[in-house]
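Dear colleague,

Please read them with the model open beside you.

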Amino acid sequence: MIKVENLTKTFGPKVAVNDVSFTVARGEVLGFLGPNGAGKSTTMRMVTGFLPPTAGRVTIGTHDMLEDPVPAKRLIGYLPESAPCYSDMTVHGFLSFAAEIRGLRGDAIKTAVHRAVEMCFLENVLHQSVDTLSKGYRHRTCFAQSIIHDPEILVMDEPTDGLDPNQKHEIRQLIKRMGEKKAIIFSTHILEEVEAVCSRAIIIDRGTVVANGTPQELKRKAPNAGAILLRVNGVAAEAVTGKLRAVDGAERVQLVKDENGTVTARVFPKSSSNGEFSKAVGAAAQGWRVEELHIEEGKLDEYFRSITASDTAKK
Amino acid sequence: MSNSLGNITTIAKRELSAYFASPVAYVFIVIFLLLTGFFTFMVGGFFERNEANLVSFFLWHPWLYLFLVPAVGMRVWSEERRQGTIELLMTMPITPWQAIMGKFLASWAFLALALALTFPVVMTVKYLGNPDLGVVAGGYIGSFLLAGAYLAITCLTSALTRNQVIAFIISVVVCLFLILAGWPPVTNILTKALPDNRWIVELVSAFSVMTHFEDFQRGVVDSRHLLFFLSVIGFSLFSTSVVLRGLRS
């Protein structure tokens, strides 16, 4: 549904987005990750046709965004970053306007507004001016605007930003449910959100895509993924690390914590972790008071930090 | 094409409702009517003239509009930019041109409404004497076009900034120039300064709204003057579209 090819955007000398390509099919929820200023919003603005790309191509359905913008835009629902709304209108007026500009007429407007209001829990503020809404309601009003025409494609820039935990949960559920039938792109800073909602994630840093895969795949690339974490009580730290280092297949041992007689250490296997290695570690720990022993599955945020953030972390 | 008309109407409807959502619209209309009344009857000496015409009424319109039209139009684009709703508007399935036209026409319709509400002045002159209604109609057409020209300029300045006050000030200055270029005190100075080059004076005053508004007040709807106002509107709106495109790249 969404096809982005070699998308590049420069603002003067600054390259905001550099040669980004990806596709999103129907039934996919693509999480867009990256540090602030990585080019997430700029990419989304080009996908939705707000910014023209400096180079590259965006195809929505079968329509080229640059050459055929109106039919392309018709397929998209868009929630911009700051969730802007016309503050001089009521929620109902704003949503009716959105429905009408999307080409709905007459009763179809009423049905669409009703549906969106129900999905976004806006009944209580329906006739309130957008001006007077709290941030959460404003955000959901703009969200409602983006789904008013039941679009095939949804592009959302930080849809859960500024919401309370309950609202975040509601919106995530909503995205997940809609993701079954639509093609969705959304950006976020919250990595747990990606695991909860996305079928695929892209990490973008300084304008380029640095990772692209399912959340599980990305997690497996985390530096600690596959390592075995061991916590024992009543043994000296040197004894623990020494014995673990001697385990067959261990590449290196990292002492995580040594506190009040409790030692936490991490053993990294040479090759990818397997049952035998964990058994070997278990055998080495025989006789110690083991409080915890498990294979780490890796965390998305560890992976995220290892490939973005600081200038020292080069891939 | 009906689709594009529909989009323009939708935008225009939203703009108009935005005017009336706050008291601003009513305040504006009241101020406009009070000022036209004041200038027509007190300053313009409507009764002392003892003539059954609206010269003292239309005479003041370029000056009244100088402040009132930018006040109406300053928010058109700057508010979209400030609130970020321009991002919504430009990702809707409409062309920028439809948005520009919808917004302009809505504000113009609003000004037309304010102008139409001056009808008691016409009734007064009709009651007191026997005015030439053709002349009155010509004046109204001219005044409407004048308001449109100022408004289009304000749309342009409004697209240039996200600050309404700046948009207001720039439009007042530009519109003031369009008045002064053909205002007799200024043209007289120019004529004295350049006695041998009358064409320069004529060239300058050809850009003035005063020169083109004059004939309308006399009831003459000349195609040249019509063309002048429509080209000011067309040029300003086209420039607005250029500015808006520039914003997005």
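**The enclosed cavity**

The largest cavity is lined by residues of both chains, namely Tyr86(A) and Asp88(A) from chain A, together with Arg14(B), Glu15(B), Arg75(B), Val76(B), Glu79(B), Glu80(B), Gln83(B), Thr85(B) and Lys103(B) from chain B. The elements that give two or more residues to this lining are H1 and H6 of chain B, and H6(B) gives the most, with 5 residues. When the lining of the largest cavity is sorted by class, 7 of its residues are charged, 2 are polar and 2 are nonpolar. The space in the largest cavity comes to about 60 Å³, and the count of cavities of 30 Å³ or more is 1. Please bear in mind throughout that this is a predicted model, and that every value quoted here is therefore computed from predicted coordinates.

**The interface between the chains**

Two of the residues that line the cavity, Arg14(B) and Asp88(A), also meet through their side chains in a salt bridge, with an N to O distance of 3.4 Å. Side chains of opposite charge can pair when their charged atoms come close. Between chain A and chain B the count is 3 salt bridges, and across their interface 8 residue pairs are found in polar contact, with both residues at pLDDT 80 or more.

On the side of chain A that touches chain B, helix H2 (69-74), helix H3 (91-101) and helix H5 (135-147) of chain A each supply at least two residues, and the largest share, 4 residues, comes from H3(A). That side of chain A divides by class into 14 nonpolar, 4 polar and 8 charged residues.

Taking the interface as a whole, 26 residues of chain A are in contact with 27 residues of chain B, and the two chains bury about 2,500 Å² between them, of which 59% is on carbon and sulfur atoms. In chain A, the residues that lose the most area to chain B are Phe50(A), Tyr86(A) and Ile101(A), which together make up 29% of what that side buries; Tyr86(A) is also among the residues that line the largest cavity.

**The open pockets**

The largest pocket has a volume of about 420 Å³ and is lined by 22 residues, of which Ala18(B), Tyr19(B), Ser22(B), Val24(B) and Arg75(B) lie nearest its centre. Helix H1 (2-21), helix H2 (24-43), helix H5 (61-73) and helix H6 (75-83) of chain B each supply at least two residues of the pocket lining, with the largest share, 5 residues, coming from H2(B). By class, the lining of the largest pocket holds 13 nonpolar, 5 polar and 4 charged residues.

The second largest pocket has a volume of about 290 Å³. Of the 16 residues that line the second largest pocket, those closest to its centre are Arg45(A), Phe50(A), Ile86(B), Glu87(B) and Arg162(B), and the lining as a whole has 7 nonpolar, 3 polar and 6 charged residues.

**Salt bridges over all chains**

Over all chains the count comes to 24 salt bridges. One salt bridge within chain A joins Arg200(A) to Glu28(A), the closest N and O atoms being 2.6 Å apart. This pair links distant parts of the chain, since Arg200(A) lies in strand S9 (residues 200-205) and Glu28(A) in the loop between strand S2 (14-24) and strand S3 (29-33) of chain A, 172 residues apart.

With best wishes

Notes: Residues numbered from 1 in each chain as written. Chains lettered and ligands numbered in written order. Predicted model: local features only at pLDDT ≥ 70, side-chain atom pairs only at ≥ 80, totals over all residues. Heavy atoms only, no water. 1 Å grid on protein atoms, 1.4 Å probe; cavity = no way out; pocket = protein on both sides within 12 Å on 5 of 7 lines; lining within 4 Å. Points joined across faces, edges and corners; volume = space filled by probe spheres on them. Nonpolar A, V, L, I, M, F, W, Y, C, P; charged D, E, K, R; others polar. Contact = heavy atoms within 4.5 Å. Buried area = accessible area lost by both parts, 1.4 Å probe. Salt bridge = Lys/Arg side-chain N within 4 Å of Asp/Glu carboxyl O. Polar contact = N/O pair within 3.5 Å; in protein donor to acceptor, adjacent residues only side chain to side chain.
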